[in-house]
Amino acid sequence: MSDTFFFAVEVAINGLMAGVMYALVALGFVLIFKASGVFNYAQGVMALFAALTLVGIQSGQIPFAHVINATFGTHLSSFGWNVPSLLAILLTMGVMVLFAILVERLVLKHLVNQEPIILFMATIGLAFFLEGLGDLMWGSEIKKLDVGLPQGISGTIENVTHEWFGYGFFIDRLDIIAAMVATVLVIALTAYSRYTKQGRALRAVADDHQAALSVGISLRFIWVLVWSIAGFVALVAGIMWGTKSGVQFSLSLIALKALPVLMLGGFTSIPGAIVGGLIIGVGEKLFEFFVGPMVGGATENWFAYVLALVFLVFRPQGLFGEKIIERV
Amino acid sequence: MKKKLTALALAAVLAAGPAMAELVFPSLSYRTGPYAAGGAPFADGYADYFTLLNERDGGIGGVMTKVIECETGYNTEKGVECYEATKGEGALIYQPLSTGITYQLIPKASADGIPLHTMGYGRTSAADGTVFEWAFNYPANYWQGASVAIKHLLDINGGSIEGKKIALLYHNSAYGKEPIRTLEELAKKHGYELSLIPVDHPGQEQKSQWLQIRREKPDYVLMWGWGVMNQVAIQEAANIRFPMENFIGIWWSGSENDVVPAGAAANGYKALTFHNVGSDFPLFDDLRKYVIDAGKAAGSGENVGTVLYNRGIYAAMLAAEAARKAQEIAGKADITASDMRKGMETLEITEERMAELGMPNFGPSFKVTCENHGGPGKAAIQQWDAEARKWSIITDYYEPDMEVIQPLIKADAEAYAKENGITPRACE
């Protein structure tokens, strides 16, 4: 088989891997939309905030040091210790749970029974607030995120494929880890929502708020729970993307990559986010490979949306989304 | 009683008299948003230099300076809003810090009679002073940068790069596309094979591009990137084991921000620069004494000596020197934007003057003229040492190939003049 064929296969495999990274972001959107019908505009910024907090805790950075120094003329910057990665991840998760509680107390509680568009706009405000808070807490400089994840070409895969096909395939070790993490995440989230009491409550709220309330399920608790889980997913996405590019404020833009995934996979399906991510990832990479050179390249951003729109024509609810039928 | 009232009235009139003149230097900065990590150190350097002049020298020519900072978020619309909001404050010069904002401001600033300085960015043909009377882009522009990169490759290849493969990895925007024409012209002259690899904004995902590079195996990759595109590109280059010493970025792809996230893998990466690196200059002792230790720094002081902080310092120094020249020409300390333009057009930076300023060998010597608003376009190559976590300049300043670039500048400026009904002025 020709070199071009193997290259196309390599592009497709890397597309699948990139799709997994997109899906990690999309999952957070799905969780909140499924449970509350809110499109959480702040999901990308939550990933950024989680990654900033993780690096800050890991490196012993004093939160709000710039503000404290500017106010009191001090020269504080660090506690002088380093926190092990696992503990830092757990502490960051604690911060994200605290964030979920505050969002519920200060924002969502006051917007019960409001139109979805009002809740959506509240999340826009939340995104800007969280971005500013992240800047004040941890500073705007780019930070290296290292939680021990491997990066770079997998030598084993390159050697084995070279031996078998005479073509050494490139697969990034970070992408392999991301694929494994995404698989575990989807299985865990699906199992949680099916087999645990809170998970069943979550599904009940997703199906019918009023009915869930009437059987004693606390809507406020469910909102805290779902925002906490979305915070956890944001942390995972933040770790993966932050390892790749460093933790910086453009990390919030990864949400742009999740939108076509959601349009394609459906806003309410966890497996849909994964399948959508894979289709977008492989689709955009193969399009860039086959058609990109003819149109000057850089087709990936817009092609992802075109692909999602084409799917929407045939399945407006996305591949796995729930069909909404409203009687008039 | 009458006398007391008269004295009081006189005192009030004196107190409410004309405010002390100030030389106003607006700073269109971006400390927030996706590009904040690059915008903040530049803005800090720019502000700190003027604070130093005020604290140490009492301003420029006895007149205090005032920096009005306006946050653009690296957004063109906000940049134009900032310009409109600050131009009435007596602005002497604008440094828009974005090619997008520059394109919007060239006609506006020309109409308002306020000079623009786009140092190492913006519209390259603004170097033609006969067409762009109010825009300046000294000491170097993108086309000169492209030529310097090729000169360096010629230098390390014994004077010939014929048959070599060079890939340009560029931000798919007006900025990223700037060097293409120059590199194509230089390819005809030197016989190298050029491949163009665009990256869509913001550049967080570049797998396709680097798989293509891995497959095509170019000898060298040049990069015109900004923001996250730079960090991801350097990481991806490391991922495919591309030799870092063969990877060269433009000056906007060569700060600590770009290499730190990749850690040790970024070792050996090269970038162009038109000013020196580090803080081992007498000026920085004064900066510490009068600004940073005095608690008057614009930022936390952590950025001092970084590439982008130094660039802010350099930009402010060039603006201050032009203001000095303008004061000299106008014969008064309280200059206008029109005087400032004349100062910029007759600016001469010599090594002797740089040494006086406490910045010996900080940047190349150059002279601006009525025809040439772009300066000599000299640039050097800096290389990243990941272990020492610092950049070092590894070459002398290269002269760009103006034989190739000048006709391109002329043609583009003429096209702009025709499009906008501008009659090129005669320079004597």
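## Contact between the two chains

In this predicted model, 35 residues of chain B are in contact with 36 residues of chain A; two residues are in contact if their C-beta atoms, placed from the backbone, lie within 7 Å. On the side of chain B that touches chain A, the elements giving two or more residues are helix H2 (36-57), S6, helix H8 (207-216) and helix H9 (228-239) of chain B. Helices (H or I, at least four residues) and strands (E, at least two) are DSSP runs, numbered from the N terminus. H9(B) provides the largest share of this side, six residues. By type, the side of chain B that touches chain A holds 15 nonpolar, 13 polar and seven charged residues. Ala, Val, Leu, Ile, Met, Phe, Trp, Tyr, Cys and Pro count as nonpolar, Asp, Glu, Lys and Arg as charged, and the others, Gly among them, as polar.

Residues are numbered from 1 along each chain as its sequence is written, chains are lettered from A and ligands numbered from 1 in the order in which they are written. In this predicted model, local features need pLDDT of at least 70 and side-chain atom pairs count only at pLDDT 80 or more, while totals for chains, interfaces and linings use all residues.

## Two domains in chain B

Chain B is divided into domain 1 (21-140 + 277-376) and domain 2 (142-273 + 380-405), with bounds that come from an automatic or database domain assignment. The centres of domain 1 and domain 2 of chain B, taken over C-alpha atoms, are separated by 27 Å. Their contact takes 15 residues from domain 1 of chain B and 21 residues from domain 2 of chain B.

On the side of domain 1 of chain B that touches domain 2 of chain B, H2 and helix H12 (307-330) of chain B each supply at least two residues. This side of domain 1 of chain B divides into nine nonpolar, six polar and no charged residues.

## The nonpolar core

The largest nonpolar core has 233 residues. Such a core is a set of buried Ala, Val, Leu, Ile, Met, Phe, Trp, Tyr and Cys residues joined through C-beta atoms within 7 Å. The residues with the most contacts inside the largest core are Leu24(A), Ala26(A), Ala47(A), Ala51(A) and Val226(A). Helix H1 (residues 3-36) of chain A gives the most to this core, with 18 residues. At least three residues of the core come from each of domain 1 and domain 2 of chain B.

Leaving aside neighbours within four places in sequence, Ala51(A) is in contact with Leu145(A), Gly238(A), Ile239(A), Gly242(A), Val247(A) and Leu251(A).

## A seven-stranded sheet

In chain B, an open sheet of seven strands with mixed pairing has the order S6-S5-S7-S8-S9-S12-S13; two strands pair if DSSP finds at least two bridges between them. Strand S6 (193-199) and S13 of chain B stand at the edges with a single partner strand each, so one side of each is left without a neighbour in the sheet. From one strand to the next, the twist averages 25°. Helix H7 (residues 180-190) of chain B lies across strand S5 (165-171) and S6 of chain B, and runs at about 165° to S6(B). Axes are lines fitted to C-alpha atoms, for helices over the stretch in contact, and angles run from 0 to 180 degrees between N-to-C directions.

Strand S12 (residues 380-385) of chain B pairs in the antiparallel sense with strand S9 (residues 270-273) of chain B over four bridges. Four bridges also join S12(B) to strand S13 (residues 390-393) of chain B, and these two run antiparallel. Gln382(B) in S12(B) stands opposite Ala271(B), and the bridge partner of Gln382(B) in S13(B) is Ile393(B). Gln383(B) has Ser392(B) as its bridge partner in S13(B).

## Backbone features in the loops

Phi of Tyr74(B) is near 60°, and Tyr74(B) lies in the loop between strand S2 (64-71) and helix H3 (76-86) of chain B. Tyr74(B) counts as buried because it has 23 C-beta neighbours inside 10 Å. Arg389(B) takes a positive phi near 50° in the hairpin of S12(B) and S13(B), which has four residues between the strands. With 11 C-beta neighbours inside 10 Å, Arg389(B) counts as exposed. A residue is buried if 20 or more other C-beta atoms lie within 10 Å of its own, exposed if 12 or fewer, and partly exposed in between.

Cis peptide bonds also occur in chain B: one runs from Tyr138(B) to Pro139(B), with omega near 5°, and another from His201(B) to Pro202(B), with omega near 0°. Pro139(B) is in the loop between strand S4 (135-136) and helix H5 (142-156) of chain B, whereas Pro202(B) is found in the loop between S6 and H8 of chain B.
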